[in-house]
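The exercises below are meant to be worked with the sequence and the three-dimensional view open side by side. Try each task before reading its solution.

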Amino acid sequence: MIDDPVLLSLVQKQIDHVARQMGWVMTRTARSPIFSQSHDFSCFIGDARGNVISQADGLPIHTGGGGFALRALLAAFGNAMADGDVYLLNDPYTAGNNHLPDWTLVRPVFVDGLLSALVCNRAHQSDIGGGAAGTYNAAATEIFHEGIRLPPLRLIEKGEVRADLWQLLLLNTRCPDLLDGDLRAMLGSTEIGATRLSALIRELGTTEGQAFFDAILGHAERVMRAEIGRMPAGTYRGEDASDTDCFETKDVRVRLRLDVADGGMVFDFTGSDPQTRGFKNSSLANTHSAVYVAVGAFFDAGLPRNEGTYRPIRIVAPEGTVVNARYPAAMTMNTVYPAGEIIHACWKALAQLDRDRACAGWGKVAYCITSGADSRGRTYVMYHWHGSSGGGAVAGRDGFNTIGQLTTLGGMSLPNVEVFEQLYPITVKRQEFRCDAAGPGRFRGGTGVDYEVDVAASAEYSFRGEGLYTPSGFGVVGGGTGRSGAMTLTPRDQTPIDVPQYGVRSLPPLHIKVSSPGGGGWGNPHERDPALVLRDVEDGVVSVEAARQYYAVVLTPDGSAVDLTATQTLRRSLSQPRPPGP
Amino acid sequence: MAAVLRPPWRIGVDVGGTFTDLVVIDAAGAIHIAKSPTTPADPTEGVLAAVALAARQLDLPVTGLLRDCALFIHGSTIATNTVLGGKGAKVGLIATQGFRDTLEIRRGLRADSWDHRPPWPDVIVPRKRRLAVDERVDRRGMVTRPLDPESLSRALRTLKGEGAEAVVICLLNSFLNDSHERACHELIAREWPDVWISRSSQVAPIMGEYERVSTTTIDACVAPRVVPYLRALDERLRGLGLLRRLALVQSNGGIVSVEQVAARPVTLVLSGPAAGVGAIRSLSRAAGSSDLICIEIGGTSCDVTMMQAGEIAMTDQLDVAGYHVNIPSVEIHTIGTGGGTIAGVDRGGMLWVGPHGAGARPGPACYGLGGEEPTVTDAQLVLGRLKSGSYAGGLILLDERRAAEAIERRVARPLGIDNTAAAAGMIRLMEQKVRHAVERVSIERGYDPARFTLVAGGGAGAMHAAAVARALGCRGVYVPRLAGVFCAFGMCNSDVRHDYVQSWLGDLDTTDAQRFAAAFAALDAKGRAMLEAEGFGPNRVALHRLLDLKYTGQQWTIPVAITLPFDPRAIRAAFEESYSRLYGHHQPDGNIEIINLRLAASGLLPAVELMAEAAAGGAPAPSEIRNVYVDEHHGRRPVRVYAGADLRPGQSVAGPAIVEEATTTVVVGAGDVLSVDPYRNYAIALAEARP
């Protein structure tokens, strides 16, 4: 029991600082654009029992469920761990990982011969073998189609790299150069983390160290219980669905019953659809992370971020469903989908607790991934991030017009077109906001973009058109839903070819056109400031007709000003808000 | 009583938010200071008022003060304030067809991915004034679609109709081939002679269309406000007797003439604080150390700047009020931690400090202006390091009782500890943040802060420097007597500097030495011509050449200093050494790419020699003995308090002690020894850190 509240606060902040330092080292050392440009990695710290005590760095979807991996590692190696060891794992079924491409590197921290903490780096690798370059095999029906599976492994033994194992890893990727450099960057980041953390624990005293960690977890739990305690008790429901299992059009539902009582929450996914044929199945760790993302985004961003925060939350995820798939289901897509459906289902239920905190839905992904060989003959993998979707609105701001995907809450930034044109055989033709695709609202959703690109060479494509057909950016508190996306593929000098929603194809040089889905609106669009509606019309993201139809704003005939009298009359005449959505 | 100045002298004027600071340093190194209130409505008047005040104090006519001034340097927050206050010009933007939204997409960069609620700052150019021209340059710099002048004329008609005052030109891949941007520039200048034009290939010729357009937009946004102001000030000063052109401090810490900065006013965004670099350089000579980390702590923030081996840490990525600006700049890492930072206890019973602050109004609880929440200043008052009464010449009145009440109510009682422990806890937490900021600046660059001397600037820096330095294991602490006019002082110690960047994009190993030499020769010629126009002969010009290098696949580049002629093996070795220092490893035989060539061209001014005073003997007498909380081991005890004016060069004071200066208070820890150097600055030798 720690009775020094000041020291406790100092220690908590010091641990978060260590996690961030690990992130700085990783960002600057990693070789793959996926880390250096998009920060698709997370550094986190666990205690000796496998509880995550800091997740100050990285992506929300990565670290919430990080404790599953730590506990699997401890179960596998327990007392066999030694100072100077570093461990690696990636398997969701046996190693508590979220999905195969996120490799989790764990360095145990020993102080005075005692296992005191675990410093971790979880990072999405460029390629890990499997049926498609770039880790996303949209044709996968078993985990074996998705790449190499790693149980908890000792990668470094008392400071010595196991060269044979390192070689095995490099043999199982299409991008050995990148993997080699990125693994080194991961090792470097855990090394600085371990050095800093052991210094802290030594300062505290080895036995007191764990007492401080317990107090940090306990504090987070108390804060979260207090937050939940302010919410109305009751039972709430939320449901979100995908319209495809990757092979055929069918609804795959995530159903949620949320019970709020006594400063605790139960997220019960009983009734969700069975696991699917394709690779959109969640692991238990990933489902936990997704719920934590939804909860973290709903409550205050200032909440502590460690596993104590999640103690008041219980998650029921029946085995064999899409939120907790049974071996050997494929599941690489899970950090995007069904994580997206899980977050959306949670937000729909949570919106009923507090409208001021309600979060509208983000447009689901429409773009594809292109891979091939570059001029040096090395495999490249390119995400068409310039076609990212619109985000959802919250009270106080419109949705971001185009933003990194929902499960990262925009934490993955978009690259510059000029940089991508240097790296890949492409010419981008267009990246502009869409008109009338944003979900209307007092705060409207993000517009989405029209993205066009020429790919100069034959290449392999992995499709993930989750947001192409069914509108996905739902509105809240009376806000409307954003429009769905669209995509065309046109080989040079030819007629367009069919676009698979999911799947892997080899295609000739192509012109790709993506309209990315819009985000959902927050609040009644009739309450949107007419000046903002005018600005949207002038900006060309809302048409004159939509201004009248959805926002009940009438413009002067030349479109240069709001006709205030006509607008007030129209708004008054419409006592009931219209059914939302364009 | 007026001191007699020996001509010629230099004058530095720093216009801050509250005060305009003026420093005169004469030919003998004697320093005179004048402080006057800033006039936000008309900064010209503020500058002239400060000049008039100084002239009065020195018993000189204004014309006399200006006529014998060899260098009049001005640092101003006007560019930043223009952006912050949304008072910039109405800007129009010309972009490549299909890419007019780059500025608003912002690469989707979120400051904190866990907090999705804060909106981005409003886009400076709304979409209706972002217009496309028909043209395209490809990734090799080849024109694949010629510029359609009619599309540009159409856009200009729209922008004229919208009443734009400035036009930004930023076309895709112009960092490789700027012929279309130049053609647009010429056409606009012809068709619309009175509009301000900012062209990306001139303002920020870097790869990455978002950072380029954002930087160029800030340039266009501030130019029509900043340039007329500077020209008017220049004319006024010359009308009053100044014989030289006004000089400005740029974000890179160097100075530049008013005419040259007018071509690229975005380089002024850090104009005020970057001048601190000159002060750090001067202190580095006085302190006898070329490894310094400066913490400048004021009421709301703490700025951290680093000098390593005599070189100031630079960056080219700035965030100005949420807008991205990529220009070579002194790296100033700012955190929202200062004397006015508020503390409290969260729902889980944990103490927090910041990042919110009480500002000037209502300010800390002890000001008695209605502030209810306890701040760092309140904690210092409760601990006895400050005392009740008047500060800053009577502008502020501190009341210990109010401070104690606020801390009792908001911190001590909720935590179940006594007031002293609560106040001490607030200070420790605040100092931890400062320490983390110092670690970020140094460790991110691969340097151990323990090798550095910590310099304390700003009103509150010296209250925390010894404790922070001890925790970092630093070599010592240095407190300049002029901490309160740090930047104005620094201006008088700056060289003229121009930065040039040229994108390259090629592998190190296959670089053609002749082409490489020619590219640098072209940059050198630009730099020399610019400096020659400012009167610098060849022997007063210093050229520093750098390459931005990276391994293939890496996004971030590392600047590496090089010498000519081109030597790829030496460059590889230097890159690998930097890389290893930063990251602890490197990739032998990894493919290295050259991204940019950089040139820093400096016009060297004679260093100011400060007047040294002879050492005095004897021990100084304390002005009072006060009950002060020292640290967690020594608790509260009687501590000697000295008035700074009573301390003479050569004297020293053993801690624990407090030294009260006009604009700052120095806290000396137990076992520390403070000594006064010949320039009346304070050096603190630190006691060993307790385990």
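This is a predicted model: local features need pLDDT of at least 70, side-chain atom pairs count only at pLDDT 80 or more; totals for chains, interfaces and linings use all residues.

**Exercise 1. The two chains**

How many helices and strands does the secondary structure of chain A come to?

*Solution.* Residues are numbered from 1 along each chain as its sequence is written, and chains are lettered from A and ligands numbered from 1 in the order in which they are written.

Begin with the count: chain A has 13 helices and 19 strands, where helices (H or I, at least four residues) and strands (E, at least two) are DSSP runs, numbered from the N terminus. Its radius of gyration is 24 Å, close to the 25 Å that the globule rule gives for 582 residues, so chain A is as compact as a globular protein of that length. The radius is taken over C-alpha atoms, and the rule is 2.2 Å times the number of residues to the power 0.38. Along the principal axes, the C-alpha atoms of chain A fill a box of roughly 80 × 60 × 40 Å.

Next take chain B, which has 18 helices and 37 strands. Its radius of gyration, 26 Å, is close to the 26 Å from the globule rule for 691 residues, so chain B too is as compact as a globular protein of its length. The corresponding box for its C-alpha atoms is roughly 80 × 65 × 55 Å.

Finally, consider burial: a residue is buried if 20 or more other C-beta atoms lie within 10 Å of its own, exposed if 12 or fewer, and partly exposed in between, with C-beta atoms placed from the backbone. Buried residues make up 64% of chain A, and 52% of the residues of chain B count as buried.

**Exercise 2. Where the chains meet**

Which element supplies the largest share of the side of chain A that touches chain B?

*Solution.* Start from the contact as a whole, which takes 63 residues from chain A and 54 residues from chain B; two residues are in contact if their C-beta atoms, placed from the backbone, lie within 7 Å. Elements of chain A that each supply at least two residues to this side include α1 (5–29), α6 (176–204), α7 (206–229) and β14 (426–433). The largest share, 12 residues, comes from α1(A).

The residues on this side of chain A divide into 23 nonpolar, 25 polar and 15 charged. Here Ala, Val, Leu, Ile, Met, Phe, Trp, Tyr, Cys and Pro count as nonpolar, Asp, Glu, Lys and Arg as charged, and the others, Gly among them, as polar.

**Exercise 3. Backbone exceptions**

Most residues other than glycine have a negative phi, and most peptide bonds are trans. What is the phi of Cys246(A), and which peptide bond has omega near 5°?

*Solution.* The phi of Cys246(A) is near 90°, a positive value in a residue other than glycine. Cys246(A) lies in the loop between β8 (234–244) and β9 (249–261) of chain A, and it counts as buried, with 25 C-beta neighbours inside 10 Å. Leu409(A), also not a glycine, has a positive phi of about 50°; with 27 C-beta neighbours inside 10 Å, Leu409(A) is buried.

For the peptide bonds, look at chain B: the bond from Gly655(B) to Pro656(B) is cis, with omega near 5°, and Pro656(B) lies in the loop between β33 (652–654) and β34 (657–660). A cis peptide bond also joins Leu564(B) and Pro565(B), with omega about 0°.
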